[in-house]
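Please open the structure in your viewer and keep the selection tool at hand. The stops below say what to select next and what is there.

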Amino acid sequence: MKKGIGGMFASTKEFLESGMDKVSKFFISDDVAKASMVLAAWITAADGKVKDSEIEETEKFIHEVDFLKDMDKDKLTKEYRKWCKQFVKDPDDALVYALTEITPLIHRPEAVNAVQLAFRIAKADNDASEKEMKVVNKACHFLGVTCSGETGCVLAD
C-alpha cells in the first residue's frame, strides 16, 4: 500500500512538473518573441529614422525564424512597429523600458538569432551606421552574445 501511494505521488509530481514546464515554455517563448521585436526596434531606430528596408527585413525575419513559427505574426509586427515609434519619439525613455523588455533573451539561444537580425537591420539600407553598430555591440554585451561578424554569433561562456 505504501509503495502504491508513494508511486501515485511520484507520478502526480512528475505529471505536474511536466505540465508546468510546458506552460513556462509557452510564456518564455512569448516573452522571448516580444524581446526580439523590442531589440529589432532599438536597432531600427538607432539612427533616428525608421526605413522601409529595415521594416521589411524584420518582417521577413518574423516569418523565417524557427522560434517564432507558432507565434502570431501580426501581433509581433504590431509590437515591433509600436516600439519603433516609441524609440523615434523618445529614445532615452524607450531605452530604459526596452532594456527591461529584452532581458528574457539574456544568455538564451534565441539571443543569437535576435543579434543576427540586428545585423541584418543595420545593413538593410546598405549603410550600417556607426550608431546602429554601437547598438548592436551594446545588445551583444547585454545579452551575452559574442560575434565575429553577422553570421559568427554565439552565446558567450
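Select Phe61 to begin: with a relative accessibility of 4%, Phe61 counts as buried, a word used for residues under 20% relative accessible area, where exposed means over 50% and partly exposed lies in between, computed with a 1.4 Å probe on protein chains only. This is a predicted model, in which local features need pLDDT of at least 70 and side-chain atom pairs count only at pLDDT 80 or more, while totals for chains, interfaces and linings use all residues. Residues are numbered from 1 along each chain as its sequence is written, and side-chain values use heavy atoms, with hydrogens and water left out.

The structure holds two aromatic pairs, where rings of Phe, Tyr and Trp (its six-membered ring) pair if their centres lie within 6.5 Å, and planes under 30 degrees apart count as stacked, over 60 as edge-to-face and the rest as tilted. The ring centres of Phe61 and Phe67 are 6.5 Å apart and their planes stand at 70°, so this pair is edge-to-face.

Next, select Trp83 and Phe87, whose ring centres are 6.1 Å apart with planes at 45°, so that pair is tilted. Both residues, Trp83 and Phe87, are buried, and they lie four residues apart in helix 3, about one turn of the helix; helices here are DSSP runs (H or I, at least four residues), numbered from the N terminus.

Finally, select Ile55 and Ile62 in helix 2 together with Leu76 and Tyr80 in helix 3, which are among the residues where the two helices meet, contact being heavy atoms within 4.5 Å.
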